[in-house]
Amino acid sequence: MFEDRNRKVIYTSDIGSQEDLLLFREFIPDVFISEATHISPETIIEKVIKIGAGKVYLTHYSDEEVSIISEILASLPSELKEEVKMAEDGLSFDI
């Protein structure tokens, strides 16, 4: 977890289980960045939404997983579609 100017960012990589998503459950992050290869994107989205994260970026996915993740994101409720995104090369954002 990173914190700067009262903004919190949680970043995961190579997580082993869904419990790893909740290591900082006492914090509500403004941004949650999670790899999407070692755990299902559905699980990531479900857990991260439950903790109340602001923006969610999914990263570290294969080319084969792009269509699957895109379908999952397209099926989200409209209020979440702008909050959950696939990270792409060169992505930048302000927090």
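Helices (H or I, at least four residues) and strands (E, at least two) are DSSP runs, numbered from the N terminus. With that in hand, the fold reads β-β-β-α-β-α-α-β along the sequence. That makes 3 helices and 5 strands. The radius of gyration, taken over C-alpha atoms, is set against a globule rule of 2.2 Å times the number of residues to the power 0.38. The protein has a value of 13 Å, close to the 12 Å that the rule gives for 95 residues, so it is as compact as a globular protein of that length.

A word on the source. This is a predicted model, where local features need pLDDT of at least 70, side-chain atom pairs count only at pLDDT 80 or more, and totals for chains, interfaces and linings use all residues. Residues are numbered from 1 along each chain as its sequence is written, and side-chain values use heavy atoms, with hydrogens and water left out.

Along the principal axes, the C-alpha atoms fill a box of roughly 35 × 25 × 25 Å. A contact means heavy atoms within 4.5 Å. Among contacts with a separation of 6 or more, 48% join residues 24 or more positions apart.

Next, the inside. Buried means under 20% relative accessible area, exposed over 50%, and partly exposed in between (1.4 Å probe, protein chains only). Of the 95 residues, 37% count as buried. A nonpolar core is a set of buried Ala, Val, Leu, Ile, Met, Phe, Trp, Tyr and Cys residues joined through side-chain atoms within 4.5 Å. The largest one holds 21 residues. Which of them touch the most other members? They are Phe32, Ile44, Ile45, Leu58 and Leu73. Helix H1 (41-51), strand E4 (55-59), helix H2 (66-74) and strand E5 each give two or more residues to this core. H1 gives the most, with 4. Take isoleucine 45: leaving aside residues up to four places away in sequence, it touches Leu58, Ile72, Leu73, Leu76 and Val84. Another core, of 5 residues, lies apart from the largest one; Val31, Ile33, Tyr57 and Ala87 are among its members.

Lys and Arg count as positive and Asp and Glu as negative, while His and the chain ends are not counted. The protein has 9 positive and 20 negative side chains, and the centres of the two sets lie 9 Å apart. Aspartate 94 sits in the segment after strand E5 (84-86). Is aspartate 94 buried or exposed? Aspartate 94 is exposed, with a relative accessible area of 78%. The C-alpha atoms of aspartate 94 and leucine 76 are separated by 23 Å, and the two residues are 18 apart along the chain.

Terms used
Charge placed at Lys NZ, Arg CZ, Asp CG, Glu CD.
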